[in-house]
Every structure is written in structure tokens, then in C-alpha cells.
Amino acid sequence: MRIIPILVASLAMGIESPAQTTGAGVEGTITDPAGTLLAGTSLQIHNTKTGAVWTITTNAAGHFRAPLLPPGEYDLSISAADFVRAGDAILDRIQLTVGDEARVNLAVSMDPGGRKGPLLARINLTSGALSGLVDDKVIRDLPLNGRSFHQLALLHAGVMSSRSSGKDPNGGRMPKISINGARPELNSFLLDGTDINDVFDTTPGLVAGVLLGVEAVREFRVMINSYSAEFGRAAGGVVHAVTRSGENQFHGSAFEFLRNSRLDAKNYFDRKDRAIPPFKRNQFGATFGG
């Protein structure tokens, strides 16, 4: 088994596990202009943000597969005699997300340094799983009361809040979700491939009722139905999240989220001669990584 380089995040490290998919993957074929499959062709997969490079070789059938790639943006380049120059990118800026298995069919040109348009299948041809992605932009931009990323799972069809499951010491303090009608105890929550369900096998979280502030999460996928056996034991759905990792440049942010009764309007049933009960909450913090 090949050892894949591991990206280290601030205060957190993703650990490779052969049992569960912790990232993304890409597979496909390489052919010449006549359609002949090219065996033994070297393919380089370059992460544009971190500079990490994976080198793989096509098999006798001209097929290649690179599993367990960290989610991110990649360039693909090949090295083959009489074809494109070594290092020339023939497919750039391909975006891989958590749980994604991209299918890429590459046709190389006879003209050194030239390129022929690759065929990229964005429809998932490798898995019959029904799932939905919550990407980085959605996590950062949508307002969340409590800054708990699992709340965004409710954006997908088949996922709903389980109001009949109360917040109690025997069932956990976190809000429960039902996926595809299954009980909340039948769901699985994964963070970088590690099971993080609470001791009652329901939604993980702190006493405050939040699950890891969204600033630490890059993206997550909600697997609703027909996912593969590698995810194990879950009879409901799987919420599969990955943490943010460093890049070649330093980035940081600071934030504060304010809730204040002075910004509220009275509802229909509030008495006109009484003030709104005071309420004030400040959620603030900062992130830094590279």
C-alpha cells in the first residue's frame, strides 16, 4: 500500500485509515490521438495550494487511480515519449471534494507541448451513493446560531430535525437529525475518517450544544443512501467532514457574531408597555494557519 503524504492542520492532524475514505480520489484512462490506451505512462497530480505532488503510473490497460487525496484544487500533467512535454499541465484546476471520486479520461496530443481537451466526467460514474456536499463557501457565508456545522446538513433532501428526541442526559444534549427516516442513533459522524459519535451514538457535541466551530471545518458530505460498505455499521446516514489544512501561504481571520435584544422587534403577543427581555450574546474568535 502506498503511503500518502498527510497534511497537518493547526492543532489537528488527519490520520490515514484503510477502512474509510478520508478524502477524495481521481481515476481514468490516458489515450493517444488514435484512441490507443497508453500503459506505463507517468501521471503527476499537483495540489495547487500546498504544492504536494503525487506520481502514479498507468497499468497495462492504460488506467490510473489515485485514492485518498486531500480535498482541494489539483493540476494533472503527464510524461510520455513523443507526446506532451513532461510537466505540461493537460488538465488544470480540477476541484476535488470530500468523498468525491472524479473520472478523468485524458487524450494526449502528438504535438510536443500541445494539448488536447481532456474529457472530465463530473457526473459520478464510480459510485451509486446518494449524497450532498456542503462546501467551504456555504459553511463560511450562511448564518448559524451556535456556529455548529452539522446544522447545515438540514439543507439536503431526506435530512430533517428529530424533534421527538429530546435533549437529556440519557440521549445527549445536541440537536438530533434523522436521515432518510432512520433513528438519530443510526447515523454516523466522521471527522477526517474518525468516528466522533457521542457515547449514546447520537450527534456529537459539547455541553454548549455545538459541534466544532465551522472555522475548523473545510467541507462535509451528507451520505444519505446506498453508500459503500467502507463506511460501516451506519443504518441511517453518514455525515463525513474534513478539517481545514495549511497551504503555502499564511491566512487568518477574526470574527464576532452578535445577538442583542436591542436589535429585536416585538412580536404580536408582546405587551406594548413592557420592554423586550434583555438578551445579549457575543461569539468571537480568530483563526490562523499555513
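A salt bridge here is a side-chain nitrogen of Lys or Arg within 4 Å of a carboxyl oxygen of Asp or Glu. The model is predicted, so local features need pLDDT of at least 70 and side-chain atom pairs count only at pLDDT 80 or more, while totals for chains, interfaces and linings use all residues. Residues are numbered from 1 along each chain as its sequence is written, and side-chain values use heavy atoms, with hydrogens and water left out.

View 1. Arg 140 pairs up with Asp 136 in a salt bridge, with the closest N and O atoms 3.0 Å apart. Both sit in helix 1 (residues 136–141), 4 residues apart, or about one turn of the helix. Helices (H or I, at least four residues) and strands (E, at least two) are DSSP runs, numbered from the N terminus. How accessible is Arg 140? Its relative accessibility is 23%, which counts as partly exposed, and Asp 136, at 33%, is partly exposed too. For these labels, buried means under 20% relative accessible area, exposed means over 50%, and partly exposed is in between (1.4 Å probe, protein chains only).

View 2. In one of the links, the side chains of Glu 27 and Arg 103 meet at 3.1 Å, N to O. That pair connects distant parts of the chain: Glu 27 is in strand 3 (residues 24–31) and Arg 103 in strand 9 (residues 101–107), 76 residues apart. Glu 101 and Arg 65 also form a salt bridge, at 3.6 Å, N to O. Because Glu 101 is in strand 9 and Arg 65 in strand 6 (residues 63–69), this pair ties together parts that are 36 residues apart in sequence. Glu 27 is buried, at 11% relative accessible area, and so is Glu 101, at 15%, whereas Arg 65 is partly exposed, at 44%. A search of the whole structure turns up 9 salt bridges.

**View 3. Asn 197 in its loop.** Look for Asn 197 in the loop between strand 15 (194–195) and strand 16 (217–225). With 13% relative accessibility, Asn 197 counts as buried. Its side chain reaches two backbone atoms: the oxygen of Asn 187 at 2.9 Å and the nitrogen of Phe 189 at 2.7 Å. Leaving aside neighbours within four places in sequence, Asn 197 is in contact (heavy atoms within 4.5 Å) with residues including Thr 202, Pro 204 and Arg 233.

**View 4. Two nonpolar cores.** A nonpolar core is a set of buried Ala, Val, Leu, Ile, Met, Phe, Trp, Tyr and Cys residues joined through side-chain atoms within 4.5 Å. Which residues touch the most other members of the largest one? They are Val 26, Leu 43, Ile 45, Leu 76 and Leu 106, out of 22 residues. Apart from this core lies another, of 20 residues, with Leu 152, Ile 177, Phe 189 and Phe 220 among them.

**View 5. Strand 16 and its partners.** With 7 of its 9 residues buried, strand 16 is largely enclosed by the rest of the structure. Strand 16 pairs (DSSP finds at least two bridges) in the antiparallel sense with strand 11 (residues 130–134), over 5 bridges. Here Val 134 has Phe 220 of strand 16 as its bridge partner. Strand 16 also pairs with strand 17 (residues 238–243), again in the antiparallel sense, over 6 bridges. Glu 219 stands opposite Val 242 in strand 17.

Notes: A polar contact is a pair of N or O atoms within 3.5 Å; within protein, one must be able to donate a hydrogen and the other to accept it, and residues adjacent in sequence count only if both atoms are side-chain atoms.
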